[in-house]
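Student: I have a protein model open and want to learn how to read it. Can we go through it feature by feature?

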Amino acid sequence: MSGNPAVLMRLVASSYTVAEKAGAIVRRVLQKGELGIVEKTGANDLQTLADRLVQQSICASLSKSFPKITIIGEEDLPEEAVDEDLIESRQSEEVLQKPCPAEYSALKEEELVVWVDPLDGTKEYTEAAKCLYLPYQVQMCQKGSDGQLLSTALWLLDHVTVLIGIAYGGKAIAGVINQPFFNYQLGTESANMGRTLWGMPRVGAFGFDLQEVPDGRRIVTTTRSHSNKLVTDTVEAMEPDDVIRVGGAGNKIIQLVEGKASAYVFASLGTKKWDTCAPEAILHAVGGKLTDMHGNALCYDANVKHMNSAGVLATLHNHQYYTSRVPQSVLQALKP
């Protein structure tokens, strides 16, 4: 580690360790089986105890170490004291070893905006919990008892992520994604469950093996629970060889960088800046692109509207092809 790492690298290093702590919180809440679910705007917009605890942990931890940064989290929580055991003060040595890009080396705390989604894929998390409410049930699933329902529930847990995105000048410049239930096949007590991915343009992306869709196939990943005619019309217009419907914006970007999909298409309202900031930074770090359906870049300034009102289109390659296939009727319906 250099003697005096840049503010940005220290912030990413802190985001990495607090994201890992967040993943442990998400697993612990599920294991206890007391999710504390409340509906925010409806049955498809839920908040759990894990959402609340993770946002408290991330915001309190980063604010303590970087008091001048702006943090915008998904959950509207009352101001209250945060338990000390939720605060993470360590920093990742792996991140601190990386050189900071020259254009970011002199950035100040007050110039950075952090976008936080404490639990991306809350719907999938709660659906899985209905079948995995007790550690005993998880263990039984690992042994192969009662197959289909519990296997599906465990698959849903793979959709869950914790997202911490860092922006400067309106652009996503660093991102951290924790996937709490990666390696869920090993069982909830495994020390190897979960992983953390992170990336920065001109630094690289880490925590996964970059892969591409084999044989040039056109595979689209899209929403499993928030579809409508605009979404289905757009997906069909892409003429895909296959369509994967999964939950979570973070999970869909993981699908892209690990070669399971070639485009993430969501031609609708629904995602917010905290859903896309971290994934966009990681995608950019490996040469990919994320825009709205018009092909316009998203802006992550502190005062920007939170909704991605013109949808989201993300690709690892051939972005222009996908933007060219968006129907005019969809473009007219989704105004930037």
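Student: In what order do the five strands of the open sheet stand?

Tutor: First, some ground rules. This is a predicted model, where local features need pLDDT of at least 70, side-chain atom pairs count only at pLDDT 80 or more, and totals for chains, interfaces and linings use all residues. Residues are numbered from 1 along each chain as its sequence is written, and side-chain values use heavy atoms, with hydrogens and water left out. Strands (E, at least two residues) and helices (H or I, at least four) are DSSP runs, numbered from the N terminus. Two strands pair if DSSP finds at least two bridges between them. Now your sheet: its order is β10-β9-β11-β13-β12, with mixed pairing. At its edges are β10 (242-246) and β12 (289-291), each pairing on one side only. From one strand to the next, the twist averages 20 degrees.

Student: In what sense do β9 and β11 pair?

Tutor: Parallel. Two bridges link β9 (residues 219-223) with β11 (residues 263-266). T221 has Y264 of β11 as its bridge partner.

Student: Which helices lie across these strands?

Tutor: Start with the angle. Axes are lines fitted to C-alpha atoms, for helices over the stretch in contact, and angles run from 0 to 180 degrees between N-to-C directions. Contact means heavy atoms within 4.5 Å. Helix α7 (residues 229-237) lies across β9, β10 and β11, at about 175 degrees to β9. Helix α9 (residues 273-285) lies across β12 and β13 (312-315), at about 145 degrees to β12.

Student: What is the strand order in the open sheet of six strands?

Tutor: Read it as β3-β4-β5-β6-β7-β8, again with mixed pairing. β3 (70-73) and β8 (204-206) are the edge strands, each with a single partner, so one side of each has no neighbour in the sheet. The twist here averages 15 degrees from one strand to the next. β3 runs parallel to β4 (residues 112-120), joined by four bridges. Opposite I71 you will find V114 in β4.

Student: What does E258 touch?

Tutor: Skip residues up to four places away in sequence, and E258 touches R195, F208, D209 and Q211. The side chains of E258 and R195 also make a polar contact of 2.7 Å. A polar contact is a pair of N or O atoms within 3.5 Å; within protein, one must be able to donate a hydrogen and the other to accept it, and residues adjacent in sequence count only if both atoms are side-chain atoms.

Student: How many residues are in the largest nonpolar core?

Tutor: The general idea comes before the count. In soluble globular proteins, nonpolar side chains tend to be buried together. A nonpolar core is a set of buried Ala, Val, Leu, Ile, Met, Phe, Trp, Tyr and Cys residues joined through side-chain atoms within 4.5 Å. The largest one here has 52 residues, and V12 and I166 are among those with the most contacts inside it. Helix α1 (residues 7-32) gives the largest share, 14 residues. A second, separate core of 47 residues includes I72, W115, I219 and A261.

Student: What does V12 contact?

Tutor: Neighbours within four places in sequence aside, V12 is in contact with V95, I166, A174, V176, W198 and M200.

Student: How many helices and strands does the protein have?

Tutor: It has 11 helices and 13 strands. Of its 336 residues, 54% are buried.

Terms used. Buried means under 20% relative accessible area, exposed over 50%, partly exposed in between (1.4 Å probe, protein chains only).
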